[in-house]
Amino acid sequence: MTDDHTEPSGDNDSEAGREEFSHDPVGHATITAGMSVAELVEEYAKAGIGAQTIHEAVDIYAEMLAGEDVRNFFGLAGAMVPAGMRRIVSDLIRDGHIDVLVTTGANLTHDSIEAIGGKHHHGRESVPDRSEREHDEQLRDEGVDRIYNVYLPQEHFALFENHLRSEVFPELADEGTVSIQRFTEQLGKANSKRNERDDVDEAPGIAATAYEHDVPIFCPAVQDSVLGIQAWVYSQTSDFSLDALADMTMLNDLAHESERAGAMVVGGGVPKNYVLQTMLVAPDAYDYGVQLTMDPPRTGGLSGATLDEARSWGKLEPSARNISVYGDATVTLPLVVAGARDALAE
């Protein structure tokens, strides 16, 4: 009886005709005590799935920050300030790695609370032997707001409201209707002044650092926050108001005048779209893009949409280097920033 089974030849004949495949075996990461972030990221390069995307994100972000004449746009959504990411963003501004910041009213609210002496606290998302509803009802009775596993005493919002009414709004009242960017600029100025005057232990933060380094902050959905609510309340008894369209001139000018541009987008929603859509009216598009998100692309929503999809809209150059990293941004942002900083220091 003839055996028609053919054993593998041991050579690469089986790879002949493969257009997509190339011989590039996945390696196995080696972790050692005392290794640097840069060394860890290089180990990620050997691996696949999320580790490989982290490595590429670091490589793209480092090239974006090191590039000559690259204007860096930074979108910041989600509860990044309450979660403890505030100083990372402030340091990026201070070191000239953010030229334009687009964020939420919520992040500016929580940033300001820390600037004037309030603090966020470690908490719990649930309590054993108690339903989530019972847990949150107890927190409400005790005057504590919960952001997943972070607590914020409600008296800090009263502190924030007093700060706005005494040191932010009065400086703008005589100007009447102002842009949101002008509003965030005054907020940063007041935060910086108050932080220094009261000798607050915590640093003055994102808005203050942006003010001190002439970095504009855009907050297109400011109404969707305590900051926006307080602005509306103040507008009811004064000439103060906000012009939501006024910012688009300055932002679009910044995009239009950029020789090259890069976008770092943390989270999704309005900040992400606001950062990306500005290139629709510019002659060119983004040359670099890094996105850190937890939202999946398959739902068709903007927050999870890949940056490759943004290329179809003309928001990224055909030759742009870009990557979308899917994971908790409180984990991925520090890692990508640290890896990029190490690369820049080499």
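The legends below describe close-up views of a predicted model.

**View 1. Buried residues of helix H1.** Helix H1 spans residues 37-46. Its buried residues are Ala 38, Val 41 and Glu 43. The cover over these buried residues includes helix H2 (49-66) and helix H13 (329-345).

**View 2. The aromatic pair of Phe 169 and Phe 240.** Six aromatic pairs are found in a search of the whole structure. One of them joins Phe 169 and Phe 240, with 5.3 Å from centre to centre and 50° between the planes. Phe 169 belongs to helix H6 (residues 155-173), while Phe 240 is in the loop between helix H9 (226-235) and strand E8 (241-243), so the pair ties together parts that are 71 residues apart in sequence. Phe 169 has 0% relative accessibility and therefore counts as buried. Phe 240 is also buried, at a relative accessible area of 2%.

**View 3. The aromatic cluster that contains Phe 169 and Phe 240.**

**View 4. Arg 18 over the ring of Phe 21.** Arg 18 lies over the face of Phe 21. The distance to the ring centre is 5.1 Å.

**View 5. Lys 315 over the ring of Trp 313.** Here the charged end of Lys 315 is placed over the Trp 313 ring. It sits 5.0 Å from the centre of that ring.

Key. Residues are numbered from 1 along each chain as its sequence is written. This is a predicted model: local features need pLDDT of at least 70, side-chain atom pairs count only at pLDDT 80 or more; totals for chains, interfaces and linings use all residues. Side-chain values use heavy atoms; hydrogens and water are left out. Buried means under 20% relative accessible area, exposed over 50%, partly exposed in between (1.4 Å probe, protein chains only). Helices (H or I, at least four residues) and strands (E, at least two) are DSSP runs, numbered from the N terminus. Contact means heavy atoms within 4.5 Å. Rings of Phe, Tyr and Trp (its six-membered ring) pair if their centres lie within 6.5 Å; planes under 30 degrees apart count as stacked, over 60 as edge-to-face and the rest as tilted. A charge sits over a ring if NZ of Lys or CZ of Arg is within 6 Å of the ring centre and within 35 degrees of the ring normal.
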